[in-house]
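User: I would like to go through this structure with you, starting with how its parts meet. Could you take my questions one at a time?

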Number of protein chains: 2
Amino acid sequence: MASVEYAKGLEGVIAAESSICRIDGENGKLYYMGYPIRQLVEQCSFEEVTYLLLYGELPTIEQLTIFQRKMRHSRPISAPIQAMIRDFPRDSHPMELLQAVVSYLSGYVEHKIQHDAYCNCRITLHQVSQLATVVATLHRFRSGKDYVEPREDLSHGANFLYMLHGREPSELEGTIMDDCLTLHAEHSFNASTFTARVVASTLSTCYCSISAAIGALYGSLHGGANEKVMDMVDEVGELSRVDAWLSAALDQKRKIMGMGHRVYKAKDPRAIVVEGYLERLGAEKGETRYYEILKRIETLFRERMEEKGKPIYPNVDFFSGAVYRLLGIPSSLFTPVFAIARAPGWLAHVLEQRSDNRIFRPKALYVGHQQREVVPIEQRS
Amino acid sequence: MASVEYAKGLEGVIAAESSICRIDGENGKLYYMGYPIRQLVEQCSFEEVTYLLLYGELPTIEQLTIFQRKMRHSRPISAPIQAMIRDFPRDSHPMELLQAVVSYLSGYVEHKIQHDAYCNCRITLHQVSQLATVVATLHRFRSGKDYVEPREDLSHGANFLYMLHGREPSELEGTIMDDCLTLHAEHSFNASTFTARVVASTLSTCYCSISAAIGALYGSLHGGANEKVMDMVDEVGELSRVDAWLSAALDQKRKIMGMGHRVYKAKDPRAIVVEGYLERLGAEKGETRYYEILKRIETLFRERMEEKGKPIYPNVDFFSGAVYRLLGIPSSLFTPVFAIARAPGWLAHVLEQRSDNRIFRPKALYVGHQQREVVPIEQRS
């Protein structure tokens with residue numbers, strides 16, 4: 001048996017064809033449907049990018065107007081969903097709530113539509129809209145505050161901040177939040193997206209697929225790196241302590257969070273964008289400490305690694321946590337915000353999987369007992 | 001790109017090692033942890049088999065006593081879960097509720113335990129216990145009836161029927177229900193079990209893993225075949241019509257539900273057991289019609305296929321739907337009952353995945369646009 005070889009974690013194994021996302025790791029490039037992420041983030045809203053992911057093409061003004069109206073109109077959550085959030089045990093993690101809510105939301109689609117939803121999850125788009133409302137509402141309830149009715153005149157990102165804080169964000173805050181969602185909207189196969197596709201391959205609903213993907217994203221090997229980056233920043237505390245802290249950390253062979261990426265061999269293109277946001281937002285808010293600490297860690301760490309001939313660059317998580325904190329988002333919501341952003345990508349993969357489906361059913365390599373006899377219970381020891 | 005080959009649906013690809021289940025399809029044999037399914041079903045309760053799947057060995061009397069007490073003590077569901085079931089939209093499918101409830105249940109584990117739950121989902125066993133209560137309660141609420149408090153003196157299967165109907169089942173009914181759960185407790189990798197492992201591979205909680213697996217089982221390519229068998233039986237109506245019905249169906253090249261299995265090239269060993277139950281239960285209840293119709297379809301179909309040199313045998317779904325109907329379980333609960341039964345198998349795979357983990361992250365074969373430029377929205381057409 002030991003001679004049979006297989007790829008653990010399916011590493012390097014092609015699981016399906018896809019036209020959604022291209023990652024050019026060597027050159028640090030990321031494309032959604034062929035469009036460079038930099039151009040999308042500079043020229044398009046998150047809603048526009050959601051349209052792109054679901055339909056494969058960027059919308060015209062007319063298409064976007066209709067689509068945006070639909071998404072914005074879907075933002076409010078019903079009384080039973082609000083009750084579910086209110087009753088959700090305080091000790092539990094928001095990701096558990098999100099997973100439960102998405103399955104639950106499914107029930108609120110009319111039966112006729114629900115049937116179509118097997119074929120076309122574009123019409124179940126309210127999941128994308130409502131995830132933001134659910135996350136904001138959970139935070140408000142846990143802070144002893146009331147539900148904030150979403151606004152239709154704000155972008156997806158700006159409205160999220162509005163619901164979270166109960167006040168309209170600055171233009172810069174709203175833009176940065178919306179762009180951060182775009183930057184996280186899609187990233188080809190990973191454990192959560194693959195989960196969405198496996199569930200979709202059984203012809204389950206797209207709610208069930210997205211709910212399952214949220215469960216995967218919750219895992220500590222998947223989401224959550226930007227939380228740990230901020231733990232690191234808090235531990236460092238101030239710019240003057242970076243050099244000593246990093247030397248000690250490297251001597252102890254500690255992992256420097258937010259550095260390096262399985263795919264990117266150059267600086268993560270999303271990190272470059274988010275770094276710029278951190279600088280601008282810090283300047284607007286008069287809080288430049290995070291930016292300074294992170295840039296110093298990046299520079300020093302790169303120097304140290306280049307000495308060893310192993311250059312390592314920041315990934316998107318390195319700067320995003322600090323941006324979120326400056327936007328007033330608590331660390332416990334970082335992974336839920338990731339889920340809000342990734343929902344369109346997951347839906348795109350569900351649609352693609354269905355368009356040329358084969359149920360995922362890999363093989364196990366059996367390594368257990370061949371055969372044994374059941375001994376009566378009184379004779380067991 | 002077209003020249004790159006890969007296995008669609010990961011067919012034939014080894015995804016992981018496993019010691020849990022061995023299927024000898026050629027000879028129609030199924031083993032859990034090395035024990036033949038026939039011996040397990042004849043000598044062990046579902047709770048005993050659950051212990052086997054979670055600990056790898058059959059329990060001693062003392063171990064089973066403690067384990068059983070714990071499982072039975074966990075059967076009742078709390079008021080918020082009852083409220084969630086009551087408020088669940090009537091149009092939605094029970095599988096959507098189950099998926100939501102499992103995520104939600106997670107929140108009711110104390111935080112300390114929840115942390116351990118990442119490492120050891122044996123202690124989150126109340127999921128297995130409570131799924132049966134949730135399914136029974138949903139059915140009662142939808143029928144305008146009250147919640148039935150579970151009983152600790154009944155087996156898992158018998159208690160499920162008790163909660164569902166509000167009256168104690170006969171000894172035969174209770175035994176058959178419990179054994180049917182055992183027969184469905186595990187079946188190596190398939191889309192739902194693989195989903196549970198993919199989610200577990202991110203180090204997400206076992207609740208999130210099981211919830212995701214439920215989402216996959218909901219898909220029409222996965223669960224639900226025994227519902228369709230009963231649709232067929234209802235269409236046939238009576239024994240005297242089988243021959244004409246089958247001839248017409250074969251002429252129309254219709255698929256005969258519950259026949260054939262991807263893995264078994266002989267009669268599914270579970271089908272043999274369930275067939276016996278159907279005969280005995282039919283005799284007890286004075287309703288032998290289902291058994292007679294199904295046996296006649298089996299015989300005729302086998303003859304027709306053997307003429308073509310393609311023998312095809314019944315799988316477990318061929319007889320299980322009729323057994324469930326005689327137990328008073330409505331068709332809409334067949335797949336939820338499958339989930340109740342499979343939960344220990346899923347948990348076993350979650351534990352095994354964690355014991356030697358690598359996150360599942362296969363590759364996509366990119367076949368989309370290489371690069372294109374974002375055109376300003378007013379210039380798009």
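**Contacts between and within the chains**

Analyst: Across the interface of chain B and chain A there are 50 residue pairs in polar contact, both residues being at pLDDT 80 or more. A polar contact is a pair of N or O atoms within 3.5 Å; within protein, one must be able to donate a hydrogen and the other to accept it, and residues adjacent in sequence count only if both atoms are side-chain atoms. Helix 5 (residues 94-106) of chain B gives the most to the side of chain B that touches chain A, with six residues. Helices (H or I, at least four residues) and strands (E, at least two) are DSSP runs, numbered from the N terminus.

User: Before we continue, what are the ground rules?

Analyst: This is a predicted model, in which local features need pLDDT of at least 70, side-chain atom pairs count only at pLDDT 80 or more, and totals for chains, interfaces and linings use all residues. Residues are numbered from 1 along each chain as its sequence is written, chains are lettered from A and ligands numbered from 1 in the order in which they are written, and side-chain values use heavy atoms, with hydrogens and water left out.

User: How many residues of each chain are in contact, and what area is buried between chain B and chain A?

Analyst: Chain B contributes 101 residues and chain A 101 residues to the contact, where contact means heavy atoms within 4.5 Å. The buried area is about 9,300 Å², with 58% of it from carbon and sulfur atoms; this is the accessible area (1.4 Å probe) that two parts lose on being put together, summed over both.

User: How many salt bridges are there between chain B and chain A?

Analyst: The count is eight, a salt bridge being a side-chain nitrogen of Lys or Arg within 4 Å of a carboxyl oxygen of Asp or Glu. One salt bridge joins Asp356(B) and Lys8(A), with the closest N and O atoms 2.7 Å apart.

User: Which domains does chain A have?

Analyst: Chain A is assigned domain 1 (18-220 + 330-355) and domain 2 (225-326), with bounds from an automatic or database domain assignment. Their contact takes 27 residues from domain 1 of chain A and 28 residues from domain 2 of chain A. About 2,300 Å² is buried between these two domains, 64% of it from carbon and sulfur atoms.

User: Which salt bridge do you find there, and how many polar pairs?

Analyst: The rule finds one salt bridge across the interface of domain 1 of chain A and domain 2 of chain A. The side chains of Lys285(A) and Glu173(A) meet in a salt bridge at 2.5 Å, N to O. Between the two domains of chain A, six residue pairs are in polar contact, both at pLDDT 80 or more. Helix 9 of chain A supplies seven residues, the largest share of the side of domain 1 of chain A that touches domain 2 of chain A.

User: New topic: is helix 8 of chain B largely enclosed or open, and why?

Analyst: Helix 8 (residues 156-165) of chain B is largely enclosed by the rest of the structure, because nine of its ten residues are buried. Buried means under 20% relative accessible area, exposed over 50%, partly exposed in between (1.4 Å probe, protein chains only). The buried residues of helix 8 of chain B pack against helix 2, helix 3 (61-73), helix 7 (126-142), helix 9 (171-183) and helix 17 (334-355) of chain B.

User: What about Glu47(B), buried or exposed?

Analyst: Glu47(B) is buried, at 1% relative accessible area, and is placed in helix 2 (residues 46-55) of chain B. Its side chain makes a polar contact of 3.3 Å with that of Arg75(B).
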